Every structure is written in structure tokens, then in C-alpha cells.
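Here are my notes on the model, as numbered points. Please keep the structure open while reading.

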Amino acid sequence: MIEMDRQKHLEEILEIEDCEVREEESYYYDDEFIESLGIEKEEYRDMVKKYSEIYFKETVYIPIDDENINDKFVSYLYFDDETVERGKNMLTEFDEREYEKNPDLKRTYFWRNNYVAIGADEDEYIFISKETKEIFMYYFADDIHKIFTEGGNREKWKWIKLGDNFDEFFDKLYYIED
């Protein structure tokens, strides 16, 4: 995708008028943090700096490279401190469960320290790996209504890879016209 096409791609997939312009300086989202996430393409870096919340058009999807999983609908991403903290809290629970199962493990808090949430909802999270720069979705892989009765059942939650990096993830998003 050439530079001019990237801006057109953003216009095609985003509901620009619904996106929240960042009104105050973010604790996390400074140039160094954005660089640590591997966001290289200028249009995408500028978008993350400008908006604390972005919303996609109603029919934007990310292709999934697994014939058993349908392409995933993507409705929003949050580039705000609250989402980063919410993701850290959830990942700290992952780490703590691992330490309970394996008390001899060194407490490095691998999950909390290596993944950053850019989307958080009751039934899915979207993370960027600071180590590999890959994008993952952690989602409830059952009827959404069961999340309240079986939400604590981690076997019902699944990880899927959405992209090798942020730029590729965004480049792969596609819009289906109604």
C-alpha cells in the first residue's frame, strides 16, 4: 500500500467523526511508548498520537489465518491510559495464576510487562506484544451470553493472532459495504 493509499484506507475504515481526539497528555502514549509498540508508518503513528479512541465503520473486519475461525469484526481501539491499566490488571491475574500453579517460577510478570491492551471489552481484549510487536485478540469463544455464567472458565477464552505488527494489522483491515 503506497502512502497516499494508506490515508484513503483510514478514511474507508474509520468513523472519523466518532473518534475521540486526545484532550490531555497521556501517561503512556508518548513517542517512546508508540515506538516501543512497533508502530512505524507515519499515518498510524499520527492516528495513535491524535486519538484516544478510534471507531471503525460497522462492517470492518480483520482476516484470520485459520479456516476454523471466521474473520473478526473490529469496532474500536483505545489508545488511552485506562485501557492500558485495565489490560495490565487482567494480565497480572494471568501471571499470578501461573505463580500459584508453579511457586518456583521467578516472578517476572511476563504477561503484564510484555503486552499492552489497545482494546478491552467484557468479551475480548486486543493486545500488542512489546517483545515481538505482534497483535493478538484474547476473546470469549462461546455464546456471549454465557460470559456471565462461565466467564471465569478460562478454557472458554482463546488467543488468536491478528497481525505480525500494528502496521500490518491496520493494512489488513477491510470494509464490506452494506
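1. T83 lies in helix α4, residues 81-101. Helices here are DSSP runs of H or I with at least four residues, strands are runs of E with at least two, and both are numbered from the N terminus. T83 counts as buried because its relative accessibility is 5%. Buried means under 20% relative accessible area, exposed over 50%, and partly exposed in between, with a 1.4 Å probe and protein chains only. Beyond its neighbours within four places in sequence, T83 contacts Y78, A117, I118, G119 and A120. A contact is heavy atoms within 4.5 Å.

2. This is a predicted model: local features need pLDDT of at least 70, side-chain atom pairs count only at pLDDT 80 or more, and totals for chains, interfaces and linings use all residues. Residues are numbered from 1 along each chain as its sequence is written, and side-chain values use heavy atoms, leaving out hydrogens and water.

3. Helix α4 has 21 residues and spans 30 Å from first to last C-alpha, close to the 30 Å expected at 1.5 Å a residue. The expected span is 1.5 Å times one less than the number of residues. Its buried residues are T83, V84, G87, M90, L91, T92, F94, D95 and Y99. They pack against β5, α5 (110-114), β6, β7, β8 and β9 (157-163).

4. Is strand β7 enclosed or open to the outside? Six of the six residues of β7 (124-129) are buried, so this strand is largely enclosed by the rest of the structure. In a regular strand the side chains alternate between the two faces of the sheet. Both faces of β7 are covered: E124, I126 and I128 are buried on one side, and Y125, F127 and S129 on the other.

5. Strand β6 (115-120) runs antiparallel to β7 and is joined to it by five bridges. Strands count as paired if DSSP finds at least two bridges between them. G119 stands opposite I126. Three residues separate β6 and β7 in their hairpin. Strand β8 (135-140) also pairs with β7 in the antiparallel sense, over five bridges. There, M137 is the bridge partner of I126. The β7-β8 hairpin has five residues between the strands, and K133 takes a positive phi near 75°.

6. A three-stranded open sheet has the order β1-β2-β5, with antiparallel pairing. Its edge strands are β1 (20-21) and β5 (76-78), each pairing on one side only. Helix α3 (42-50) packs on this sheet, touching β1 and β2, and its direction makes about 110° with that of β2. Axes are lines fitted to C-alpha atoms, for helices over the stretch in contact; angles run from 0 to 180 degrees between N-to-C directions. Three bridges join β2 (51-55) to β5.

7. The largest nonpolar core has 37 residues, and Y29, M47, I54, F56, F166 and F170 have the most contacts inside it. A second, separate core of 12 residues includes L91, F94, A117 and W157. A nonpolar core is a set of buried Ala, Val, Leu, Ile, Met, Phe, Trp, Tyr and Cys residues joined through side-chain atoms within 4.5 Å.

8. Overall, the chain has seven helices and 10 strands. Buried residues make up 43% of its 178 residues.
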